[in-house]
Structures are given as C-alpha cells and as structure tokens.
Amino acid sequence: MFSLPKNATIIEVGPRDGLQNEKKYVETADKLAFIEALQIAGIDEMEITSIDSPKWEPQIGDAKEIVEKSPRIGRQIVLTPNAKGVELALAAGAKNVAFFVGVSNSFNKKNINKTTDESMEAIAPLIKDLKTKNIFVRACISTAFYCPYEGKIEPKAVLQLCKQFVRLGVDELSVADTIGQANPVESYQLFSLLKKELPKTLITAHFHDTRKMAIANIFASLQAGVDRFDTSSGGLGGCPFAPGATGNVATEDVVHLLDSLGIETGIDVEKICRAVARIEPHIEGKIETGMYRLFELPPLIDVGDSCEHQTNV
Ligand code: MG
C-alpha cells in the first residue's frame with residue numbers, strides 16, 4: 001500500500017511569494033494582519049517578505065517593517081537576493097534567510113542576470129557567513145523539473161546544484177516546479193533521488209498548480225518520503241519572471257489533502273480560509289481555490305474576535 005508520513009510541515013509562502021506578485025499595493029497593516037491570521041491558523045514556518053531594492057518591486061518596499069513587526073512565532077523566513085539584502089534582513093532582526101537559484105542557466109539569466117554558477121559564486125560566501133552566525137538558511141531551487149526556455153531539466157543537474165548548497169551548509173532545500181509542468185512520476189523520481197542522496201538536509205517540495213497537477217505531485221512526493229511542502233494561502237502568487245508560472249498550490253487545498261489522508265499538520269483549514277478572507281479585499285481578482293469556495297463565510301466579513309486586534313497593527 002501507500003507509504004505516508006504521520007506528520008507533515010507546511011511552509012506558507014503567501015505573504016512573500018503571493019503578495020510580492022500582486023500588482024495592487026497591499027498596505028503594511030494588511031500584510032501583517034494576514035501573517036498573524038495565518039499564524040493563528042497554525043502556520044509555524046512562513047516566508048514573510050523579501051528584502052530587495054524598493055525601486056525594483058514597490059510591493060516589498062516595507063520589508064524592513066514587516067520583518068520587525070511580524071509576530072515572533074515559529075520560523076519566519078526572509079528572502080534575500082544579495083549581500084545588501086542579507087545585511088538589511090539581519091539588521092531588521094531576521095533569523096531565517098532564503099536564497100533563490102535556478103537550475104537552468106537561461107532562467108537564472110532572465111531572472112537575475114547571472115548564470116547559475118555566477119549566482120552560486122555570489123551567494124556562497126553569504127551562506128558561509130550566515131552559518132557562522134547561526135542563521136537558518138533555506139535554498140530555493142527553481143526550474144527543478146522544466147524551464148520555460150530550456151525545457152526538461154535532468155534530475156542529476158538538480159542533485160548537483162543541491163549538493164553544492166549542502167556543502168555550503170544550508171539547512172533546507174526547497175525544490176520547485178516553477179512552471180507547474182511536472183507530473184507525479186517525475187515528482188516521485190526527483191524527490192526519491194534527493195531524499196536518498198541528501199538524507200541530512202530538510203527537503204521541501206514547492207509545486208505550482210499551473211496545470212492543476214500540484215495535488216497529484218504532492219501525493220507522489222509523499223510516497224518519496226517528502227513531508228515538507230511550500231504552499232500559498234488562497235493560491236496567491238507564482239513567479240513574475242517565468243511565463244505561465246501562475247499559481248502556487250493553495251495551502252487550504254494541501255492541508256485538506258493531508259487531513260483527509262490522516263497526516264497531521266497542526267493547521268486548521270477553516271482558519272486558513274479566514275486568513276484568505278482577510279487578504280482577499282486587498283488584492284486584485286477573486287480567490288477560487290477548492291476549499292475556499294466551500295468556505296461558507298462571505299469574503300468581506302470580519303475575521304472574528306481572535307484576529308480583530310490585528311487590523312490596527
Ligand atoms: Mg512559488
């Protein structure tokens with residue numbers, strides 16, 4: 001029969017990966033209220049923001065404030081693209097830092113104007129330095145299955161890049177199907193390989209629901225021994241630099257899957273939907289993820305007593 005873990009961890013990426021990609025500016029207080037509502041729902045690990053030049057992406061111009069004011073609950077991760085970002089993140093009090101690198105050179109070039117090797121050269125000393133400071137380091141590996149410019153990516157290329165990060169001492173590898181093109185067999189094969197070859201590193205699967213394959217791929221990854229999944233409440237976000245890369249898989253849908261399989265996450269689906277209802281009026285478009293559509297409360301209602309005090313953060 002199926003081999004399933006007893007527990008799984010959700011790494012919520014909505015406040016960072018989701019809101020960063022929103023065209024409409026979301027007020028800092030609303031971002032903070034969203035973060036807090038997600039924590040109330042049981043989220044313990046979360047990408048809260050990205051620290052970069054505000055000129056590049058206005059949505060993250062308040063990153064410093066987000067880091068400083070986010071409730072210190074669980075692991076709050078800050079994405080940092082370079083030395084300046086690391087410096088700003090640490091100055092704001094970040095204890096957990098994430099970096100992004102694409103396996104595909106073409107994708108990396110389009111995304112950050114560096115080849116994969118050039119990226120690694122730039123961030124290797126940053127990671128080494130962060131590890132001397134006891135900072136948790138998460139490496140996000142994009143285009144681990146397919147690249148919009150190069151097509152199919154070979155698992156051995158992914159493994160090779162992951163091994164470079166492991167040698168640098170990273171704590172976690174978040175391995176992403178950036179354009180949402182992987183199938184369950186490919187998901188099982190890549191994650192089986194990574195779990196076997198890198199047994200001491202936290203391995204997280206980051207699936208995009210572009211072709212509605214994320215839930216199937218997550219089920220296949222569970223079979224490969226993966227028990228950590230990046231998800232975004234309301235399915236917010238994707239990647240602004242990858243054509244067709246819309247749609248992080250929704251936290252509420254993944255938690256529902258895990259609940260239905262008897263896998264413990266510590267997360268309350270209904271409270272996730274309340275957090276989604278809290279942010280929905282502040283973003284463009286309507287949220288129509290599976291579990292959110294079943295959520296009975298209308299989207300504009302007050303999120304309730306437990307969250308009320310957060311609206312004035
Ligand atoms: Mg994503």
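## Getting started at the first residue

Met1 sits in the segment before strand E1; helices (H or I, at least four residues) and strands (E, at least two) are DSSP runs, numbered from the N terminus. Met1 is exposed, with a relative accessible area of 95%. Here, buried means under 20% relative accessible area, exposed over 50%, and partly exposed in between (1.4 Å probe, protein chains only).

This is a predicted model, in which local features need pLDDT of at least 70, side-chain atom pairs count only at pLDDT 80 or more, and totals for chains, interfaces and linings use all residues. Residues are numbered from 1 along each chain as its sequence is written, and side-chain values use heavy atoms, with hydrogens and water left out.

## The barrel

Look for the eight strands that close into a barrel, in the order E1-E2-E3-E4-E5-E8-E9-E10, with parallel pairing. From one strand to the next, the twist averages 25 degrees. Two strands pair if DSSP finds at least two bridges between them. Strands of a sheet pair through backbone hydrogen bonds, either parallel or antiparallel.

Let us follow a few of these strands. Strand E1 (residues 9-12) and strand E2 (residues 45-50) run parallel and are joined by two bridges. Across this pairing, Glu12 stands opposite Met46 in E2. E2 is also joined to E3 by five bridges, again running parallel, and Glu47 has Ile77 in E3 as its bridge partner. Six of the six residues of E2 are buried, so this strand is largely enclosed by the rest of the structure.

## Helices against the strands

Helix H2 (residues 28-40) lies across E1, E2 and strand E3 (75-79), and runs at about 175 degrees to E2. Helix H8 (residues 184-197) packs on the sheet too, touching strand E8 (172-177) and strand E9 (202-207), and its direction makes about 160 degrees with that of E9. For these angles, axes are lines fitted to C-alpha atoms, for helices over the stretch in contact, and angles run from 0 to 180 degrees between N-to-C directions. Contact means heavy atoms within 4.5 Å.

Gln39 counts as buried, at 9% relative accessibility. Leaving aside residues up to four places away in sequence, Gln39 touches Met46, Pro71, Ile73 and Gln76.

## Salt bridges

A salt bridge is a side-chain nitrogen of Lys or Arg within 4 Å of a carboxyl oxygen of Asp or Glu. How many salt bridges does this rule give? The count comes to 20. One of them joins Arg228 to Glu45, with the closest N and O atoms 2.8 Å apart. Arg228 lies in strand E10 (residues 228-231) and Glu45 in strand E2, so the pair ties together parts that are 183 residues apart in sequence. Arg228 and Glu45 are both buried. They also belong to a network of salt bridges that links Arg16, Asp17, Glu45, Glu47, Arg75, Arg138, Glu172, Arg228 and Asp230.

Another salt bridge is formed by Asp171 and Lys131, whose closest N and O atoms are 2.7 Å apart. Asp171 lies in the loop between helix H7 (155-168) and E8, and Lys131 in helix H6 (residues 116-132), so the pair ties together parts that are 40 residues apart in sequence. Asp171 counts as partly exposed at 24% relative accessibility, and Lys131 is partly exposed with a relative accessible area of 24%. Asp209 and Lys212 form a salt bridge as well, their closest N and O atoms being 3.7 Å apart.

## Out on the surface

Met1, Phe2, Leu4 and Leu261 form a nonpolar patch on the surface, with about 460 Å² of accessible area together. Patches are made of residues with over 30% relative accessible area and no salt bridge, where like charges are joined within 9 Å and nonpolar side chains (Val, Leu, Ile, Met, Phe, Trp, Tyr) within 5 Å. Accessible areas come from the Shrake-Rupley method with a 1.4 Å probe, and for residues, only the protein chains shown count as cover.

Our last stop is Lys110, found in helix H5 (residues 105-112). Lys110 is exposed, with a relative accessible area of 56%. C-alpha to C-alpha, Lys110 and Pro199 are 32 Å apart in space, and they are 89 residues apart in sequence.
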